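Take a walk through this model, one part at a time. Keep the 3D view open as you read.

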Amino acid sequence: MRSVAAEPSAPSAGASGAPGTGAGRVTLRGVTKRFGKVTAVSDVDLDVDDGEFLVLLGPSGCGKSTLLRLIAGLEDPTEGTITIGDDVVDDVEPKDRDVAMVFQTYALYPHMSVAANIEFPLRSRHVDHGERTRLVHEVATSLGLNGLLDRRPAALSGGQRQRVALARAIVRRPLVFLMDEPLSNLDAKLRVQTRAELIDLHHRLGTTVIYVTHDQVEAMTMGDRITVITDGVVQQTGRPQDVYDHPANLFVARFIGSPPMNTLAGTVATDGDAPAIVVPGGRIPLPASLAALMAGHHGRDVTIGVRPEHLAFGADGPVAATVTLVESLGHERLVVCGVGGGELVIVRLDSDEDVPAVGSAVRITAAVEHVHLFDSVTSARLDGAPVP
Amino acid sequence: MSFVGEERRPGTRRPRTRRRRRRREIGLAFLLLSPSLVVFGVFVFYPLVKTFSLMFYKTPPFPGLPSRYVGFDQIRDVLTSSDFLESLRTTVLFALYTVPTGIALGLLLAVVAHQRLRGIAVFRTIFSSTVATSVAVASVIFFTLLNPQVGLVSYWLGREGGTGILQDPRWALPAVSIATVWQTLGLTFILMSAALQAVPDELLEAAAVDGAGAWTRFRRVTLPLLSPTIFFATVIGLISAFQAFGQIDLLTEGGPLNKTRVLTYYLYQAAFRSNNDGLAAVLAISLFAITLGLTLLQLRLIERRVFYAR
């Protein structure tokens, strides 16, 4: 995977393993990091395949950046072991780990030209001058930085700085790229464009990428897999669609998806025709697999979750609600409805669908096969099928 | 001072009013400035002009005789005299001994104190403590340390009872320089510490991931980012070295054999010991010219060489 013909070859001075040998595999076992009494990362196990694009996703302060810094060697784990390729790197200095990092603020050396910035990792590794120049120009060309090589970072736009930071990371073909929210300082339009460029770059280089973000859209669009983290604990790892379709717990369910999944507290009722969940405003029927799971659990407290796109209005809908707000986003409309007990749910409609008037009484139906159940106490997913 | 929409008949007295008001404002301005004008005039402008004019008059050998106008003769004589050249050389040596050493030591201490270690704050306090020490106090401390009878340093060097270090023509200037470095170290340390703290951690982390060891990180990232502070400290240091007086006066009084007679001290001797106003004026103006030249040169260099982070 690593030796794409059109790309710069790994400089001989690098400690890179042979291509295609799984050298870019990253494994974490029981990794914990405490700062005094604060546990930033708690007992994390993680397997990143060679050439994979793994996104660490979580709200700010969840420990995802600390996890990345642990892999880079900028922090030492309190407990646990980190392996890159076949080597345990716990006692290896950052400079000898053969990883490259792109920082959120880019961390470009302000006193050096763009060329010197890109060249820096090669100089540090004593690559000879001719080879350095060749590699810098190769990378600069591939990222469209050729006209800027003599400039200082201060004279560049945000997007250009971001590309210089990328160029500095890829110039020496490391085993692993570590990216810490590299797009968060770009404006929205540039972010979308750079996102696509990063995906393309990953396809071309085939190098392992571990990418930290709090933006679930980035995570969904970029990652081969995503790992959702909160409070230093891994909540779920999986392919983006799987995580979206089968969130492992309430946190993941609410964090992934925009607008977020509707969740309502309810109780299991098996006294009627079919098992259902009683929520404020009505009863929501369950699909067969969940109905079987809930059989014999009459009266149990659960949380039911349905994504906005799996709700609809219908005269025979089981849940009564009142429309409180309609948000029109052009391609879709979000109808915010109040159900009993002051709870709000969001119903997503296509822009060509009829929208009920604000204040009108409506009835809501849920697509039965897309109903999620979560334990009220542990908030873990209740599911007949194993999570993929 | 006219207002839009204000009624105004032709031929009114408005222009004259404005002129009168303006004159009144200028008068008020001078009135308010007058106290500082008086102070500056008496203590700055008059002495400056007077000093320039004194250069052209030879002070009579005995008080009471009239000064003699000698044109540029006196200036030429002083600037080519061996006394002046010797004093100039001493001043330059003093600056060379104190400024680079002080900055290097200050930087070293700042780097040491920048480490995240338990109890490092104690060392930071100690390292910066001389900033609260006056020249007089520092001089007394070193005068005692270097004393040939009771001084610890003299004892350590095996010179107790012999010629004092401050009385030794070879070692007097280095000794005064060491005292000066010690006394200014606190300020240099604080300057360098502040600059070190302003270097973003991320840059050093990026360099670490980019394969740079501790020394390379310091030399290629930290040091260039400190360059504005280093140049600033150099300017301040050189100017204060050229104006050093207290420690010379207290430790050696310019001796032995005039080996520590820097320009300021020579100037002081000329003006207040020998009452030779002409000589003192020439020395003062030459010192002024040197300091001015140095400052301009450094400013030029700074513009060209120093990186300023934006």
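What distance separates the centres of domain 1 of chain B and domain 2 of chain B, taken over C-alpha atoms? The answer is 34 Å. Bear in mind throughout that this is a predicted model.

Start with the two domains of chain B. The domain assignment places domain 1 at 23-69 and domain 2 at 77-309. The two parts touch. Domain 1 of chain B brings seven residues to the contact, and domain 2 of chain B brings seven residues as well. On the domain 1 side, helix 1 (14-54) and strand 1 (57-58) of chain B each supply at least two residues. Helix 1 of chain B gives the most to that side, with three residues. By type, the domain 1 side that touches domain 2 of chain B divides into four nonpolar residues, two polar and one charged.

Now turn to chain A. Its 388 residues include a buried share of 43%. Chain A holds nine helices and 21 strands. Its C-alpha trace spans about 80 × 45 × 40 Å along the principal axes. Among contacts with a separation of 6 or more, 68% link residues 24 or more positions apart.

Next, bring the chains together. The contact between them involves 17 residues of chain B and 18 residues of chain A. On the chain B side, helix 8 (201-209) and helix 9 (214-242) each supply at least two residues. Helix 8 of chain B gives the most to this side, with six residues. The chain B residues that touch chain A divide into ten nonpolar, three polar and four charged.

Then go inside. In soluble globular proteins, nonpolar side chains tend to be buried together. Here the largest nonpolar core has 160 residues. Which of its residues touch the most other members? They are Ile71(A), Met101(A), Ala167(A), Leu178(A), Ile210(A), Tyr211(A) and Leu283(B). The largest share of this core, eleven residues, comes from helix 7 (residues 172-197) of chain B. Pick out Ala167(A) to see such a residue in place. Leaving aside its neighbours within four places in sequence, Ala167(A) is in contact with Ile118(A), Val139(A), Ala140(A), Leu143(A) and Leu145(A).

Finish with the backbone. Most residues other than glycine have a negative phi, and most peptide bonds are trans.

One is a peptide bond. Ser258(A) and Pro259(A) are joined by a cis peptide bond, with omega about -5 degrees. Find Pro259(A) in the loop between helix 8 (250-255) and strand 11 (262-269) of chain A.

Another is Ala107(A). Its phi is positive, about 50 degrees, although Ala107(A) is not a glycine. It sits in the loop between strand 6 (99-102) and helix 2 (114-124) of chain A. Is Ala107(A) buried or exposed? Ala107(A) is buried, because 25 other C-beta atoms lie within 10 Å.

The remaining one is Asn275(B). Its phi is near 50 degrees, a positive value in a residue other than glycine. Asn275(B) lies in the loop between helix 11 (263-273) and helix 12 (277-305) of chain B. Asn275(B) has 11 C-beta neighbours inside 10 Å, so Asn275(B) counts as exposed.

Key
Residues are numbered from 1 along each chain as its sequence is written. Chains are lettered from A and ligands numbered from 1 in the order in which they are written. This is a predicted model: local features need pLDDT of at least 70, side-chain atom pairs count only at pLDDT 80 or more; totals for chains, interfaces and linings use all residues. Two residues are in contact if their C-beta atoms, placed from the backbone, lie within 7 Å. Helices (H or I, at least four residues) and strands (E, at least two) are DSSP runs, numbered from the N terminus. Ala, Val, Leu, Ile, Met, Phe, Trp, Tyr, Cys and Pro count as nonpolar, Asp, Glu, Lys and Arg as charged, and the others, Gly among them, as polar. A nonpolar core is a set of buried Ala, Val, Leu, Ile, Met, Phe, Trp, Tyr and Cys residues joined through C-beta atoms within 7 Å. A residue is buried if 20 or more other C-beta atoms lie within 10 Å of its own, exposed if 12 or fewer, and partly exposed in between; C-beta atoms are placed from the backbone. Domain bounds come from an automatic or database domain assignment.
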